[in-house]
Amino acid sequence: MNLDLELQKPTNCEFLKYILLVKQGDCPAPEKASGFAAACVESCEVDNECSGVKKCCSNGCGHTCQVPKTLYKGEEHS
């Protein structure tokens, strides 16, 4: 049995769980939240509970699904 391969399995599974739970982008600053996004409720716990590209973000009082301020990160090409 290859011990290195056995040790990598949990790491690979954890990585896959992470990319399925955490969506791309950064949450907007809590003070930027408005409307329902600013409501003092816990409407989500993790990103995959939110529809589309929305992320589960803190609004300073609770957590709501919000559109990220930066959706994709990468290098700019001219």
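Two strands pair if DSSP finds at least two bridges between them, and strands here are DSSP runs of E with at least two residues, while helices are runs of H or I with at least four, all numbered from the N terminus.

Housekeeping: I am reading a predicted model, where local features need pLDDT of at least 70, side-chain atom pairs count only at pLDDT 80 or more, and totals for chains, interfaces and linings use all residues. Residues are numbered from 1 along each chain as its sequence is written, and side-chain values use heavy atoms, without hydrogens and water.

Entry one, the hairpin. I looked up β1 (residues 55-58) and β2, and found them antiparallel, joined by four bridges. Cys56 stands opposite Cys65 in β2. Four residues sit between the strands, and in this hairpin Gly60 has a positive phi near 90 degrees.

Entry two, the faces of β2. In a regular strand the side chains alternate between the two faces of the sheet. For β2 (residues 63-66), I noted Thr64 and Gln66 on the covered face, and His63 and Cys65 on the uncovered one.

I found Lys23 in the loop between α1 and β1. Is Lys23 buried or exposed? Lys23 is buried (under 20% relative accessible area, with exposed over 50% and partly exposed in between, using a 1.4 Å probe and protein chains only). Lys23 has no salt bridge, and Asp47, the nearest side chain of opposite charge, is 7.0 Å away (a salt bridge puts a side-chain nitrogen of Lys or Arg within 4 Å of a carboxyl oxygen of Asp or Glu; Lys and Arg count as positive, Asp and Glu as negative, and His and the chain ends are not counted).
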